[in-house]
Amino acid sequence: MYLSFYQLDRKPFQISTDPNFLWLGDKHKEALATLRYALMDNKGFLLLTGDVGTGKTTLINALVNTLGEEVIVATLLDPGIEKDDFFSYIGKAFQLKQTFSGKGEFVHSLTDFLNRAHEERKKVLLIIDESQRLSQELLEEIRLLSNIERQSHKLINIFFVGQIELNSIILEPQNRALRQRISVNYNLNPLSAKETGQYIHHRLKVAGATKSLFNAAAVREVFQFSSGYPRLINVICDRALVTGFISESKKIGAQIIKECAGELKLQNQKSRSKKEKSREKAAPTRDQLKSAFTSRGTLIEKLLYMILALLIVTWVAVAVNYYYPQYFSLTKTPTPELTTPASLPVDDNQIEPGEQTSIPE
């Protein structure tokens with residue numbers, strides 16, 4: 001669309017990881033050197049982490065492209081699989097049997113393969129991309145693969161590549177044994193403002209540009225928007241070239257970058273608002289369920305307290321009746337009958353002579 005307008009041979013800011021556009025900043029060069037050192041020195045486990053869009057996959061591809069035939073490489077791009085599928089995938093990647101009747105057969109076949117590779121002076125590398133998606137079960141199975149070794153030599157190198165949260169996963173108590181075996185750990189940071197300009201210039205040059213298409217102010221705005229993340233740099237620069245072509249601007253300035261940044265942010269806000277609306281639609285149902293469970297829980301708690309109070313009162317009553325029965329007589333004490341003196345019988349023999357009996361009126 002804009003290639004002929006800017007006299008370019010190809011699109012310079014494609015998101016795909018084209019090795020022809022590979023540009024490494026200081027941190028990326030250091031990370032690549034670290035990866036090569038860990039592999040050539042048979043360090044076993046290596047951990048490479050970085051935020052989304054920092055160029056981890058690009059860096060791994062760059063490493064693989066520099067390796068010769070003396071290194072046998074297998075890359076697992078989607079680790080969110082079951083254990084049996086993992087065994088089948090590794091078997092196929094290393095040209096073993098594609099199906100195994102069980103874990104024992106897989107380990108036996110892999111051990112033979114690793115020993116043959118060692119005798120042929122070849123190194124074996126397993127790269128697991130997006131490692132933060134590994135299940136705990138599969139993570140433990142991968143750790144056990146490192147037990148296949150000789151007395152003083154690792155037979156397989158395993159690189160864990162993932163987002164920053166992978167560090168937290170490795171630090172969990174159940175992964176203590178795995179953490180102790182990771183000999184090299186490197187975190188990949190975004191590009192600096194200076195490196196952002198160098199990155200843009202490099203990709204334009206590879207695409208066939210004979211002059212700079214972004215002025216210094218535009219580069220600063222690109223860095224402001226992307227914070228040095230290569231993926232975001234590609235997104236906004238490609239959008240800027242389209243906008244520049246529409247407005248027939250031979251040079252991309254800060255205003256075009258600001259306009260594109262505003263459009264991209266607006267799209268992100270719309271995307272977030274749609275997600276929020278969908279959550280709001282589901283929210284009443286969740287709130288109602290929460291309210292119902294809360295009310296039900298409160299009612300049950302009240303009933304339990306009432307039952308408990310009744311039991312306590314009953315127990316106290318029984319205890320008092322047992323130890324102090326006079327307070328809890330079950331029969332009514334009979335009330336003595338009062339008889340009037342007129343009804344009392346008088347024995348005449350008991351009256352002395354001369355005495356008189358008088359009955360009060």
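Which residues touch the most other members of the largest nonpolar core? They are F86, L110, I142, I158 and F160, in a core of 33 residues. A nonpolar core here is a set of buried Ala, Val, Leu, Ile, Met, Phe, Trp, Tyr and Cys residues joined through side-chain atoms within 4.5 Å. Buried means under 20% relative accessible area, exposed over 50%, and partly exposed in between, with a 1.4 Å probe and protein chains only.

Before going on, this is a predicted model: local features need pLDDT of at least 70, side-chain atom pairs count only at pLDDT 80 or more, and totals for chains, interfaces and linings use all residues. Residues are numbered from 1 along each chain as its sequence is written, and side-chain values use heavy atoms, with hydrogens and water left out.

Back to L110. Leaving aside neighbours within four places in sequence, L110 is in contact (heavy atoms within 4.5 Å) with F94, L96, L145 and I148.

Next, helix α8, residues 193-206. Helices are DSSP runs (H or I, at least four residues), and strands are E runs of at least two, numbered from the N terminus. Its buried residues are E195, T196, Y199, I200, R203 and L204. What covers the buried residues of α8 includes α1 (26-40), α9 (216-226) and α10 (230-246). Just after α8, G208 takes a positive phi of about 110°.
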